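Hi,

Here is the structure I said I'd pass along. Have a look at it first, and my notes on what turned up follow below.

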Amino acid sequence: MTFESLMTYVGWPLIKIVILLGVVAFCVAYTVYIERRLLGFFQSRVGPNRVGPFGLIQPIADGLKLILKEDIIPANAQPFLFRIAPIFAIVPAFVGFAIISFAPPLVTGAGVVHPFVVKDVNLGILFLLSITSLGVFGIVLAGWSSGSKYPLFGSLRSASQMLSYEIPLTLSVLSVILMAGSFRLSDIVDAQSKLPFAIPLILAFGVYVISAVAETNRIPFDLPEGESELVGGFHTEYSGMRFAFYFLAEYANVVLVCCVATSLFLGGYKIPFVPYETLLAAHPILVSALGLAVFGVKAVLFLYFYIWIRATFPRYRYDQLLRIGWMVLLPIALLNLFLVAGIKLWLLR
Amino acid sequence: MSDEEKPGQPEPPAASEAPKAPEAAPKAASSPDPTASPAPAAPAAPKPPAPKPAVPPAPKKWEPTGEVVVTPVTEKLAARFGDAVQGVKSPCGEAIVLVKKEKLGEALAFLKSDADCAFDFLSNLTAAHYPVNDKKFEVVYDCYSVAKRHAVRVKVALDDGEPCPSAVPIWPTANWQEREAHDMYGIVFEGHPNLKVILLPEVWDGHPLRKEYPLGGPKEAAIRADKFAKPGYMPDDLEAAERIAEEGRRDH
Amino acid sequence: MTTELREAAGTSPLRKALETTTMELNFGPQHPATHGVYRAVLQLDGERVVGIESIIGYLHRGIEKWVEYRTYTKATPIFDRLDYVGAILNCHGYVGTVEKLMKIEVPKRAQYIRVVLDELQRIANHLLWLGTHALDLGAMTVLFYGLREREVIMDLFEAMVGQRLLQNAYPIGGVRLDFPRGWERACRNFMAELPHRLDEYETLLSSNRMWLQRTKGIGVISGAEAVALGLSGPTLRGSGVYFDVRKCIPYGSYEDFDFEVPLGENGDVYDRYIVRVREMRQSLRILQQALDGMPEGPLMPEKLSKIIRPPAGEVYFSVEGAKGQLGYYLVSDGTDKPWKCHVRSPSFINLQGLEKMVVGGLVADVVANIGSLDIVLGEVDR
Amino acid sequence: MPGALHRLVRMMTFPELASGLGVTFKWFHKPKVTEFYPDKRPVLPYRAKGRLHVDLETCISCKMCERACPEDCIKVFQPPKEVFKTDKRPVQFFISLEHCIHCGMCVDPCPTGSIHHSQEFEMASYLRNDYLFDRTTLPYDLDVKHFKQGILENVVEKGQ
C-alpha cells in the first residue's frame, strides 16, 4: 500500500472527521447561543450578553459549568445503562454529518478533486435516516434507566413520537429522491442547479419541516421534554456532562436537520441565479468558499425560522401530536409521493 | 403594650423603667381585655389601670354590640324554626342568626333549597374560639345567593369536642373549609367525607388558632419567654440592647 | 386497563396477563407547572388521570394567628403577603373590612384613587397570569410580553406608593398620598398602549389552532357545579355565572362606573382565559372613567382616631380580588387587636374545583387546568 | 359548501399562525426593554421606599415609629429625664433592616419627618450585622445628597 492510497482511504478521511467534529461541535455550541440570543430578540429582551463581547463566550462558560458539575446517579437508576445512554444519543447526531457536502468539491490544478464531505456514500439519504433514528435509543434508555417516572413518561412519548414522524419524514424525503433520481446527497444537490426542490415539492417541504421539528423535539412538538408537564422529560435525572451530552445531541440534531433541509430542498451550496461554470472559470477556491458561505447562510436562515417558530407557538398535547402525525402528515406525504411519482413517470419521461 | 399608651406624647425615659413583664406569656393564655367595654365609640374607652393587677378580674363574655338586623330571610327562618333560631347583634348592619346545633343541618338545607332564600353559594365557612363564653366555639356560615343577591350569616355555638354536622352534602365547597376549621380549632364535622389535616403537617400538636395556643407554637413561646421580653428583637434596657448588638458584631 | 378490555378478557389467563394497575405520579411540590409549592398526587392510567389528591399547606405561615397579636393598623401590611401578585386588592379587602366594622366613611377621592390602583393591580395580576398560563402550554413569548407591560404598572405603583410588589397601599380610612406629578399622564399613556398589546396577545393565542386545541373543551365545569363548589372570580364567570362582587355587592364606589362583566359559555379552559383577557379591557374602561371623573376632596376622613378600636362584633366583607371573591371575616372584642381574622381566599376555594376539572383528562390537561385557575400558593395556604 | 372550502383553505394556509409569527417578528426589530442594571442605574421615583434612614439631629425620640412598626424593627432609646428636657435627641437608635419590610408605616406618624425611606436600594451584604444600624452607623452608609431631595419632596407632599 502506497502512501498515496493510505492517505486516500485513511489519512484524508481521518483529517476530515477531526475537522468536521471540531467544526460541528463549535457550530452546535454557538447554535445554543444564537437560539438564546434570537429568542431574546423575539421576546423584546437582549438575551445573554454578559460573558465576553455580546456574550460570545457564553457557550464556553456554559460548557465549563456543565463539565465541572457533579455527575449524579439516582439511587433507583440502573447505573450502567444510565451512564451509557447519553452516548447513544450523541453519536448518531454527529455521525449524520458525515454524508453532508457543505461546499462544491475543490478541484486543484492536477485534476485531483477534494470533496467537502467525509464520505459521499451513494446511499447517503438511507444512511442518514437510519442513523438519526438510532438517537431514540439514547432517549428510551435514559428514561428506562433513570428509575424515575417523569423520564419514563418522556421517553415513552419520545419513542412514539419518533415512530410516528419518521414515516412522513421518510416519505417526504423519498419524493426528493424521486426527483433527483439518486440517493447520493451530492447528486441531489446537483439536481437542484436550476431550481431548489422546495418550490416544486412544496408539500414535501412542508411535511419535512413539520416532522423535522417533531423529530428534534422542539416546540410545538416538544412533548418528551415539555418542561411544564414532565419537568425535563427523559433527561430530568441527568446532570453535569451527561446532561450536556443530551443538550449537545439535541442541538446537533437541530443543526443536522437544518443542513439536510438545505441540501434536500434549498439547493445546498448552489448559488442561486449564478451559473456554476462562470465562477469556476474565475477561481476554483472562490467557488468552494462561496459555496460554503451560501450553504451556511441557507442553513442559518432555516435555523432562524426554527427559532422563530419556537418563539411564537404553544405546545401540542401528546395525543394531538400523534393524531397530526398519522392523520394529517402521513396522507399528505403519501399524496405528494404519488403525485411526484406520476409526474416523473408520465410527464418527465 | 406600648400600643395602649396615648400617642403623640413622648414616653418617660425607658432606662428608668423596670423591665416589663414578658408579653408573650400572658397574651398566650389570653382572654379578652377586661377593660374593653362594649362602648360603640372609641374615645369612650376607659384608660387602663396604671398598676397591672397580678390576677386579672373574671373575664367577660364576648358579646357583639349593635342592632339585630331583621331581613325577610331571617324572618322566614324564625317562622320556620321558631326558638331554634335567634338573631345576633351586628355593629354594621349584617343579618346574622344563631342556630341551635340540633337544627343546624335542617336550617342550612332549608336555606339552600327554599325558593325565596336560594342560598346556592356558601361564600365563607370558618370557626371562632371564645374561651370565656358558655359555648366555646362558633362555626360561621356566610351564605350568599347568586340568583337573589342577598346574604345571611348563620352561626352555631359548640362546646369543646362537640361535633358539628357537616355542610358538605349541602355545599361541596365546605369540604376544604371544614377541613381547615378542623385543623385550626379541632372541631369535628360529622358526615364529612375526608376529614383530615389540610394546612398543617400530618403530625402536629394542638390546634393553632385556639386562643390558648401561643404564637409560634409552644416551643417557640418557651424560647421567647426565656430570652426576650417581647416578640421584638431588642430589650427595653439600653445596656442590654447595646450588648446584644455588640455580641452580634463580634460573632463575625 | 380499560374496563372493556377487562370484561372481554373475562377470567381467562389472558386477563392476568393484561392486568394493569394505575400509576401514582407526584405532581409537585417542586414542579414548574404548579405555580408554587402545591402538590397533586395523580392516579394515572397511562396518561389519563383517574384520580387526584391535592396536598397543600407547604406555604402556611399562620397569618391568621399572627394578626391576632397585632393592632388593626399594624396588621395591614401582612395581608399583602397572601396573594403577592395582587397585593393591593388584599390590602383593600382588609382595610375595607375594618372600615365597614367601624362605619368609617372613606372620602370620595380616596375611593376613586383606590379604584384606580385596584384596577391597575388587577391588570398586572392578569398579565402575569396570562404569561404563566401561556408558558405552561408552551408559548413562552407571551410571558415576556406580559412581564414587559406589568413592569410599567409596577413602575406606576412605585411612583405612587413607593413599592412595587408588596405595596401596603392603603391605611385604614383612605389613602396616604395623592397622585404624584405626572402620574396621571404616565397612567394614561399606559392605558392607551395596553389595548394594542392585548390585541397582540390575542393574535398569538386566541385564534391559534394549537392554543384552541389545548384549551377548548378541556376542564369543563358547568355553572351549577361551579357555584356549588364555591368557585368565584373569572373561574366562575368562565362557566357563565354572573357573579362579580364589584357589581353584585358593590363597594368602594364601584357602582359609579359603567363596565361589563365578561362571561364564558362552556366553562372550559379557553373560556376562563378569554374572560380574563376581556376583564383587562373592562378594567381599562373603569380606569378611564375613574381618572376622568376624579373628584376633589380630602384623602382621609376628618375624624379618625389614631388608635383603631372597633366596636365589639363581627363583620364579613368581600372585594373582587384578582382571583375571585376575597372575603375577610373579622371579629372584634372592642380592643385594639382583632380577636379573629379569617381570610376567605379565592385561590384556596377555587383549587377545590381542580378535581372536577382534571379527572378523565390527560396529564397535560392538569397543567392547563391549574394554569386556568390562577392560584397563588401564598393565598391558598395563608 | 363555500364555508367548508373556506375552512379547508384556512386550515391549509395557516393564516392565524402566520399573523402570530408576524407579531413576534415585529418585536424582533423593536428596541428592547431590558434594563442594563449595573451599567445603567435606574432613576427611582422620589416616593420609592429604599433603606430606612433617620436624621438623628432632628429626631425627638418620641417613639412613634417604634410603636407603629409592625415588625418591631425599630428601637429608640430616649436620653435621661434631665437631659431630655433640653435635648430630645435619642441616645441610641436601632434599625434592624433584617426585619424591615419597607411598609412605610413608621414614616406616617413621625412628627418631625426625621425618619424616612432613602433612595438606597442595594442592601445586599455578606454579614447579617450589616443590617443592624445604630447611632454610629446610621449617618454614614448613606449617599446623603441622593435622598435630600426625597425628604424635601416628602415634606412638601405632607404639607399638601
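Let's start with Leu137(C): setting aside neighbours within four places in sequence, this residue is in contact with Pro314(A), Arg315(A), Trp211(C), Arg214(C), Thr215(C) and Ala368(C). Before going on, keep in mind that this is a predicted model. Leu137(C) sits in the loop between α5 (108-136) and α6 (140-161) of chain C. Is Leu137(C) buried or exposed? It counts as buried, because its relative accessibility is 0%. If you want another landmark, the C-alpha atom of Leu137(C) is 9.4 Å from that of Ala33(C), although the two residues are 104 apart along the chain.

Next, chains B and C. Together they bury about 5000 Å², and 60% of that is on carbon and sulfur atoms. Chain B puts 64 residues into the contact and chain C puts in 57. There are 23 residue pairs in polar contact across this interface, counting pairs with both residues at pLDDT 80 or more. On the chain B side, α1 (24-28), β5 (121-129), β6 (137-144), β7 (151-158) and α4 (174-185) each supply at least two of the residues that touch chain C. Which of the elements gives the most? That would be β5(B), with 9 residues. Sorted by class, the side of chain B that touches chain C has 36 nonpolar, 11 polar and 17 charged residues.

Now the charges. Side chains of opposite charge can pair when their charged atoms come close. Over all chains the count comes to 53 salt bridges, and 6 of these are between chain B and chain C. One to click on is Glu68(C) with Lys211(B), where N and O are 3.0 Å apart. That pair crosses between chains, running from the loop between α3 (63-67) and α4 (87-102) of chain C to the loop between β9 (189-190) and α5 (217-227) of chain B. Both Glu68(C) and Lys211(B) are buried.

Chain D has a link to chain C as well: Lys26(D) forms a salt bridge with Glu200(C), with the closest N and O atoms 2.3 Å apart. Lys26(D) is in helix α2 (residues 15-29) of chain D and Glu200(C) is in helix α7 (residues 183-204) of chain C, so this pair joins two chains. Lys26(D) has a relative accessible area of 35%, so it is partly exposed, whereas Glu200(C), at 8%, is buried.

Within chain D, the side chains of Asp87(D) and Arg89(D) form a salt bridge at 3.0 Å, N to O. Asp87(D) is partly exposed at 26% relative accessible area, and Arg89(D) is partly exposed at 34%. Elsewhere, salt bridges with shared partners tie Glu94(B), Glu138(B), Asp142(B), Arg153(B), Lys155(B), Lys100(C) and Glu314(C) into one network.

Last stop: Asp183(B), in helix α4 of chain B. Asp183(B) is buried but has no salt bridge, and the nearest side chain of opposite charge, Arg179(B), is 6.6 Å away. What lies 3.0 Å from a polar atom of the side chain of Asp183(B)? It is the backbone nitrogen of Ile198(B). Not counting residues up to four places away in sequence, Asp183(B) also touches others, including Lys196(B), Leu200(B), His207(B) and Pro208(B).

Cheers

Key. Residues are numbered from 1 along each chain as its sequence is written. Chains are lettered from A and ligands numbered from 1 in the order in which they are written. This is a predicted model: local features need pLDDT of at least 70, side-chain atom pairs count only at pLDDT 80 or more; totals for chains, interfaces and linings use all residues. Side-chain values use heavy atoms; hydrogens and water are left out. Contact means heavy atoms within 4.5 Å. Buried area is the accessible area (1.4 Å probe) that two parts lose on being put together, summed over both. A salt bridge is a side-chain nitrogen of Lys or Arg within 4 Å of a carboxyl oxygen of Asp or Glu. A polar contact is a pair of N or O atoms within 3.5 Å; within protein, one must be able to donate a hydrogen and the other to accept it, and residues adjacent in sequence count only if both atoms are side-chain atoms. Helices (H or I, at least four residues) and strands (E, at least two) are DSSP runs, numbered from the N terminus. Ala, Val, Leu, Ile, Met, Phe, Trp, Tyr, Cys and Pro count as nonpolar, Asp, Glu, Lys and Arg as charged, and the others, Gly among them, as polar. Buried means under 20% relative accessible area, exposed over 50%, partly exposed in between (1.4 Å probe, protein chains only). Lys and Arg count as positive and Asp and Glu as negative; His and the chain ends are not counted.
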